[in-house]
Amino acid sequence: MIRSVFEQRPLDAAVADAGSATLEFDRAGAWLRSALVGAVEPLGAEVWVLDAALEQIVLVRHPWRGLVPPGGKVEPGECPRAGAARELAEETGLRPRLLERPAAVAVRSFGPGWSETLSLSYAAIGDPEEPLIAEDGQPAAWMRLDQGWDSCFPEDVLRIRQYVKLLRSGPPPGAP
């Protein structure tokens, strides 16, 4: 499929980030390779904002998805990393630096009857003392990782814990 430069740049960034993600779920790499022959949209991006002790995460109460990490649709012409940072700022007011390596890549549908698409998860270290400025109707809060939470993506709790376990076993978050 021929894509304009406007469409190709974000897709190239998504492919690069998907390839370097710490974790891969749902056979996302294979799905992406087969999907590249057609349209891959909309791309999804979210941020797993963790505290420095790696014990808490910021979640947003979505009207019908339940508690989810801040994120959403990557806009046309926008790279997934930039989309994740924008969504995080819009939904929480937070603007931490995203860790260099994407946390995870997955394939999911964001609504009933919606087609599957690529979703990139980025990570950042935030300060629980910094006030959260939520969007109307979507309150944001810090949640302990040792507690579960109600989400339309129930596997996220275990996936995020798996990522945190890897962070704990490696260099400190944000280290070069």
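The side chains of Glu 87 and Arg 86 make a polar contact of 3.2 Å. A polar contact is a pair of N or O atoms within 3.5 Å; within protein, one must be able to donate a hydrogen and the other to accept it, and residues adjacent in sequence count only if both atoms are side-chain atoms.

This is a predicted model: local features need pLDDT of at least 70, side-chain atom pairs count only at pLDDT 80 or more, and totals for chains, interfaces and linings use all residues. Residues are numbered from 1 along each chain as its sequence is written, and side-chain values use heavy atoms, leaving out hydrogens and water.

**Exercise 1.** Check the span of H3.

*Solution.* 
- Step 1: H3 has 13 residues, 80-92.
- Step 2: The expected span is 1.5 Å times one less than the number of residues. That gives 18 Å for H3.
- Step 3: The end C-alpha atoms are 18 Å apart, which agrees.
- Step 4: Gly 93 follows H3, with a positive phi near 80°.

**Exercise 2.** Find what surrounds Leu 94.

*Solution.* 
- Step 1: Leu 94 lies in the loop between H3 and strand S6 (104-108).
- Step 2: Leu 94 is buried because its relative accessible area is 3%.
- Step 3: Beyond its neighbours within four places in sequence, the contacts of Leu 94 include Val 49, Leu 88 and Pro 131.
- Step 4: Leu 94 and Ala 134 are 40 residues apart in sequence, yet 9.5 Å apart in space, C-alpha to C-alpha.

**Exercise 3.** Which side chain of opposite charge is nearest to Glu 46?

*Solution.* 
- Step 1: Glu 46 belongs to strand S2 (residues 44-51).
- Step 2: Lys and Arg count as positive, Asp and Glu as negative; His and the chain ends are not counted.
- Step 3: The nearest is Arg 108, 4.1 Å away.
- Step 4: A salt bridge needs a side-chain nitrogen of Lys or Arg within 4 Å of a carboxyl oxygen of Asp or Glu. Glu 46 is buried and has no salt bridge.
- Step 5: A polar contact of 2.8 Å joins the side chains of Glu 46 and Trp 48.

Note on methods. Helices (H or I, at least four residues) and strands (E, at least two) are DSSP runs, numbered from the N terminus. Buried means under 20% relative accessible area, exposed over 50%, partly exposed in between (1.4 Å probe, protein chains only). Contact means heavy atoms within 4.5 Å.
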